[in-house]
Amino acid sequence: MANMSKTKVPMPEQDPKVRARNFKEVTLGYTEEQAVEEANRCLSCKNPLCVQGCPVNVRIPEFIKKIQERDFKAAHDIIFSTNALPAVTGRVCPQETQCEAKCVRGIKGEPVAIGRLERFVADWNNRQPDQKISGRKKPNGIKVAVVGSGPAGVTCATDLAREGYSVTIFEALHTPGGVLVYGIPEFRLPKDLVKYSIMKLEHLGVEIMTNMVIGRVLTIDELFEMGYKAIFVGSGAGLPMFMNIPGESLVGVMSANEYLTRTNLMKAYDENYDTPIIKSKAVAVVGGGNVAMDAARCAMRLGAENVYVVYRRGEAEMPARAEEKHHAKEEGIEFKTLCNPIEIVGDENGRVCGMKCIRMELGEPDASGRRRPVAVPDSEFMLDVDTVIMSLGTSPNPLIRSTTPGLETNRKGCLIVNENEMTTRDGVFAGGDAVTGAATVILAMGAGKKGAAAIDAYLKNQ
């Protein structure tokens, strides 16, 4: 029986006042009843546009039909056939601009909650005791190296392992998962889920080596010498950008990357870890993306009394997801839009004691198609803060490029690839943020899939 409700089944959440001071997951997930009720809103379109909106082409109507039939195992297997990280994407994908944006139900009301249903299925499956991974071809003995264990690397490794390749992932940090462990906070993506996804990868026979900084411990050329026949570089974008304004070298100014890595990967919020993190009363986060929201919401949970998000355009122009902005506001974070920092001010000890900002107004559209922020004369004001977190985007670390002859990058330091994701070095492929600059988890996964298919074709032609 179809459920013709115009609105999604609401997502149960922790109360904002409670969750603003803990690191437990904000959204609690659907019950079986809620999932079936929401699944019944799907029209099972003959020509499903939602699938075209998905960078990894999850067979959406098929898995939703299985939820309607309460066959959650089959629903999981359908998703997992194209998506190696469903518990992750169900939580962090910008569904509202992808699959759900194309959903026919969204024309007269809200689209089907595809993301929430994907999360439900993944979480249900993770609770089952018996986990068999099927559909793996027999080993072909050909070695492939994957650099980086973030969304691009994990997806590429999964697809290659299924094809029978002998895959080794080289991860620079001490824990696999890439941005999923160092960047996205526990309250949005519980780290046990990432661990679980990595475990599934090891079930497929993928070997993961941590503390392996490629370009330092081993070079790309040395990997070829070790018998790897192709290499996929999914090393992400871990180099933070700054504004180059006066006062950026004061104590109390840091990148969102560093702040989030200390908080998430190194668990600064947990008293069982002695990770040093700055104890702040008032924090300004500069930027308007999802990373800025993550940093601001971490600062609040780490005990700050006031947290400001300072962004030079208006709220409508903020790249962060609507859900992230909504959650941040509910948690008491203040948005200072149409404001741009011009100087960070320090006290006699060289510590941050304030940030000087200027008010902005929006002028004509610029190259990005967004209206350009223009400073309003004589509108400077001081924001009383003791910590400033810069969340202005990241670019790829130059280490691999600078140690690999013949590997070309564009002016932003991103690896140049052709339509098959091959770089300018034969046998070296790349994808994800290392190629695009900072983007989304799901786009990196799409690149990992494409890279795996390209490597498979390349090695079969050898």
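# Rings, strands and helices: how do we know?

Trainee: What makes the charged end of Lys200 count as sitting over the ring of Phe80?
Mentor: The charged end of Lys200 lies 4.5 Å from the centre of the Phe80 ring. The rule asks for NZ of Lys or CZ of Arg within 6 Å of the ring centre and within 35 degrees of the ring normal. Lys200 sits over the ring by that rule. Arg301 sits over the ring of Phe187 too, 3.7 Å from its centre.

Trainee: What kind of model is this?
Mentor: The model is predicted, so local features need pLDDT of at least 70 and side-chain atom pairs pLDDT 80 or more, while totals for chains, interfaces and linings use all residues. Numbering starts from 1 along each chain as its sequence is written, and side-chain values use heavy atoms, with hydrogens and water left out.

Trainee: How many aromatic pairs are there?
Mentor: The count is 6 aromatic pairs. Rings of Phe, Tyr and Trp (its six-membered ring) pair if their centres lie within 6.5 Å; planes under 30 degrees apart are stacked, over 60 edge-to-face, the rest tilted.

Trainee: Why is the pair of Phe23 and Phe187 called tilted?
Mentor: The centres are 5.9 Å apart and the planes 55° apart. Phe23 sits in the loop between helix H1 (16-19) and helix H2 (32-39), and Phe187 in the loop between helix H9 (179-182) and helix H10 (191-203), so the pair ties together parts 164 residues apart in sequence. Helices (H or I, at least four residues) and strands (E, at least two) are DSSP runs, numbered from the N terminus.

Trainee: How do you know whether Phe23 and Phe187 are buried or exposed?
Mentor: Buried means under 20% relative accessible area, exposed over 50%, partly exposed in between (1.4 Å probe, protein chains only). Phe23 has 9% and Phe187 has 1%. Phe23 is therefore buried, and so is Phe187. Ring pairs also link Phe23, Phe187 and Tyr269 into a cluster.

Trainee: What makes strand E6 and strand E9 edge strands?
Mentor: Look at the open sheet of 5 strands, ordered E6-E14-E7-E8-E9 with parallel pairing. E6 (253-255) and E9 (334-337) each pair on one side only.

Trainee: Which strands pair with strand E4?
Mentor: Strand E1 (residues 143-147) runs parallel to E4, with 4 bridges. E16 runs parallel to E4, with 3 bridges. Val146 stands opposite Phe232 in E4, and Val233 opposite Ala430 in E16. Within E4 (residues 230-233), Ala230 and Phe232 point one way, Ile231 and Val233 the other, and all are buried.

Trainee: Why is helix H4 called roughly antiparallel to helix H5?
Mentor: H4 (residues 60-68) and H5 (residues 72-80) pack at about 170°, with axes 8 Å apart. Angles run from 0 to 180 degrees between N-to-C directions, with axes fitted to C-alpha atoms, for helices over the stretch in contact. Under 35 degrees is roughly parallel, over 145 roughly antiparallel, 65 to 115 roughly perpendicular, the rest oblique. The value is over 145, so H4 is roughly antiparallel to H5. Contact means heavy atoms within 4.5 Å. Among the contact residues are Phe63 of H4 and Phe72 of H5.

Trainee: What makes Asn57 and Asn244 stand out in phi?
Mentor: Most residues other than glycine have a negative phi. Phi of Asn57 is near 50°, a positive value. Asn244 has a positive phi of about 60°. Asn57, at 41%, is partly exposed. Asn244, at 71%, is exposed.

Key:
Two strands pair if DSSP finds at least two bridges between them.
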